[in-house]
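Thanks for asking me to look this one over. Here are my notes, written as numbered points so that you can follow them with the viewer open.

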Amino acid sequence: MKIFLILLISLQLFGAATEALPVIERDETSSAFKEHATPKVPVLRLFETVAWYLIMTEIEITLDAGQCGLIPGFRTSSIDLFMINERVNKPLHFPFIDLSMDANPIKANTSRETGANGGDTPKVQNTNSHAIYMPILGIIFKKQLDFLCLSNGEIALPYLSEFDLTYKHDYMYMKMIPHMLAMFTPSGIMTGLLDQLATMGSETVRGFKSENSTPMVQSTGASDSIDYENAINQNSLNIMVQGTAAGEDYNSTTSKFTKASLKVFDSIRNGIYFASGAEMSPIGGYQDGNDPVAESHADFHAVGNILHGASALLPIAVFKKTTEFHMKEMSGNENTPSIISSMCAPKDFPMMIPSQYVMQLSYPWVGSPHELGQIPVAVSTGKGFPGAKGVVNYVWSRREFYAFAYACPGQNAREND
Amino acid sequence: MKNLLILMLVTVCYAETFRQYTSPRGYVDFGVHGKTYDITEQSIYDVIIKGAKEFEKEYPKERLKKIVESEVGKRAIFNSKNICKDDSIKNWETDYYTYEMDYSNPLGRVIFKKGDRVVAPKVDVLRQVCFVDGANLISAKNQIDFMQNATKGQCVFAVINRDVRDLWKMYPSYEFYPSNKMLFDRFGVKCAPSILSMKDTKIKKDYFSLEKFKEGVK
């Protein structure tokens, strides 16, 4: 009896103390799970399908001053949603707006070229990759976030693999861009493993969640009308936006440990530019087709290589170097400006920069953002959808620059002294 | 009894400490003094919702479809005035790759300078790239038939001056791609119709006069 009384009194006192703690209620289940709806057009359901909280976690303005010519600025990191990448099974099919153009299906099946001395078993490659330039953040925020130099311009399709001779013919790709051959050496394969580990580390430090630990959210609700209030409950990603807007803590990348770790991981990843982490497939679009969601990352890595190269050589200003990947710190030479520093203006860089891009699945499921080259189990667990017409990813691009001094795309370039 | 009292005392102290730590008492509320200003800055959450709604209004599905169809039409054709006037069968030559710009590693060290020349990779290639001028459909047909025969069915066609989708329909089992500037420049192909062959580190370019593929001329 005495012990019971003691416990009762203690509990009541404890209860009074804990009343002062804030209680966060989140509804992480969705009414959409009650019905198995067909995935619908992600672009027409922007609020539900985009990981808006990346704006909060990746945009940072510091008081570190710098200058571009004579114009002072502040070191800033930002992120921009500027592109949609699709991986489709049928040529000229666009699941991001559910459009199917008449295309010859036979042409899609192409045997892989084998060497004259035999070699690999011919594979049938029947997927295609599309890059759709769509400056969503630039269109939405327009003048409000002018100093962030968000992408602007009209929606365009800079790359369609149906019209690229090198996409399904590895030998053509190798002949067109010979230094990509580095990945076919034993050291290339070993460095690919190192790249995979660096990618995993980078993702962990940034706080991106693995798909096998996040609730599955469909890219649409059961009804056709867009209900933004319900969307809050339907999309657990956007709950973080609410929480962050209300001043709650989020994973900041400003802590010393975080910055130091990212330096190491990102410089490893970008030093091995020819490998795409766990996917190890920077050229062509050949994968075994068993994991389309994870393989879409490798597809984008290949497309990114092509578009980076094309942007450097032709007047296509889509893919430029906009991050520093810790060059100065890793070279140990703080006082010498790097010849390819992009703190004052975007620079041509003919190779893909994996740490510059973040992929976020939007069709057939809505997924968490992921670093390019993250291991498949973290990217695609539970994200398959039998009968889906392809995979659509939103592509975010990072930018590091001196705000207020930076030459936004379209302006004359200004250089460091 | 003594032990019981000690235990109760410890428990109460712990709970009280915890409560004070999380919800202090005895503070004085000084109220609000001075002029206050309403927050005019919109919550970013509201900005995002408003922006997303406006985006969907500005770009309805029909408008997006038209944009995509127009862009596909642009990508499906490559216009070029590089037309061959004479036949010219070249010898095998070493395939050099010339760097068009400085290639740097992420640390800023220049690995290849603009103008550096390297021998292209040694790759055995069974297929050949057949450049076709599609301005005239009948001439294009003649070119395609000729080149397929000449290469024993190993052509991958790079087309100029014609939407490749027209040729996809005419020849469902052949591969047609729109040509591009990089393809011409990389291998030094001067004009179409032509056949580009690759073997080891060597390439061979055969040019054919367009005149011979005109209607009725074989």
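This is a predicted model: local features need pLDDT of at least 70, side-chain atom pairs count only at pLDDT 80 or more; totals for chains, interfaces and linings use all residues.

1. A nonpolar surface patch is made up of Ile61(A), Leu63(A), Phe74(A) and Phe404(A), which together have about 450 Å² of accessible area. To place one member of it, Phe74(A) sits in strand β2, residues 71–88 of chain A. The relative accessibility of Phe74(A) is 33%, so this residue counts as partly exposed.

2. Now the disulfides. How many does a search of the whole structure find? Over all chains the total is four. If you number the bonded cysteines of chain A in sequence order, the pairing reads 1-3, 2-4.

3. In chain A, Cys68(A) is bonded to Cys344(A), with an S to S distance of 2.0 Å. What does this bond tie together? Cys68(A) belongs to strand β1 (residues 60–68) and Cys344(A) to the loop between α11 (327–331) and β10 (357–363), so the pair connects parts that are 276 residues apart in sequence. The link of Cys68(A) and Cys344(A) is left-handed, with -90 degrees about the S-S bond. Both Cys68(A) and Cys344(A) are buried.

4. Chain B has a disulfide between Cys84(B) and Cys191(B), again with S to S at 2.0 Å. Cys84(B) is in the loop between α3 (61–75) and β1 (88–89), while Cys191(B) is in the loop between α6 (181–187) and β10 (194–199), and the two are 107 residues apart. The torsion about the S-S bond of Cys84(B) and Cys191(B) is about 100 degrees, so this disulfide is right-handed. Cys84(B) is buried at 3% relative accessibility, and Cys191(B) is buried at 10%.

5. Cys130(B) and Cys155(B) form another disulfide, with S to S at 1.8 Å. Its torsion is about -75 degrees, so the bond is left-handed. Here the pair links two strands: Cys130(B) lies in β7 (residues 128–133) and Cys155(B) in β8 (residues 155–160), 25 residues apart. Cys130(B) is buried at 0% relative accessibility, and Cys155(B) is buried at 3%. Elsewhere in chain B, Cys13(B) is partly exposed, with a relative accessible area of 43%.

6. On to charges. Side chains of opposite charge can pair when their charged atoms come close. A search of the whole structure finds 17 salt bridges over all chains. One of them joins Lys320(A) and Asp348(A), at 2.3 Å from N to O. Lys320(A) is in the loop between α10 (292–313) and α11, and Asp348(A) is in the loop between α11 and β10, so the bridge ties together parts that are 28 residues apart in sequence. Are these two side chains buried or partly exposed? Lys320(A) is partly exposed at 21% relative accessibility, and Asp348(A) is partly exposed at 32%.

7. Glu324(A) and Lys321(A) form a salt bridge as well, their closest N and O atoms being 3.2 Å apart. Glu324(A) is buried, with a relative accessible area of 8%. Lys321(A) is also buried, at 0% relative accessibility.

8. My last point concerns the salt bridge of Arg398(A) and Glu371(A), at 2.8 Å from N to O. Arg398(A) comes from strand β13 (residues 390–403) and Glu371(A) from strand β12 (residues 369–371), so the pair ties together parts that are 27 residues apart in sequence. Arg398(A) is buried with a relative accessible area of 6%, and Glu371(A) is buried with 0%. Through shared partners, salt bridges join Glu58(A), Glu371(A) and Arg398(A) into one network.

Definitions and conventions. Residues are numbered from 1 along each chain as its sequence is written. Chains are lettered from A and ligands numbered from 1 in the order in which they are written. Side-chain values use heavy atoms; hydrogens and water are left out. Patches are made of residues with over 30% relative accessible area and no salt bridge: like charges are joined within 9 Å, nonpolar side chains (Val, Leu, Ile, Met, Phe, Trp, Tyr) within 5 Å. Accessible areas come from the Shrake-Rupley method with a 1.4 Å probe; for residues, only the protein chains shown count as cover. A salt bridge is a side-chain nitrogen of Lys or Arg within 4 Å of a carboxyl oxygen of Asp or Glu. Helices (H or I, at least four residues) and strands (E, at least two) are DSSP runs, numbered from the N terminus. Buried means under 20% relative accessible area, exposed over 50%, partly exposed in between (1.4 Å probe, protein chains only). A disulfide is a pair of cysteine sulfur atoms within 2.5 Å.
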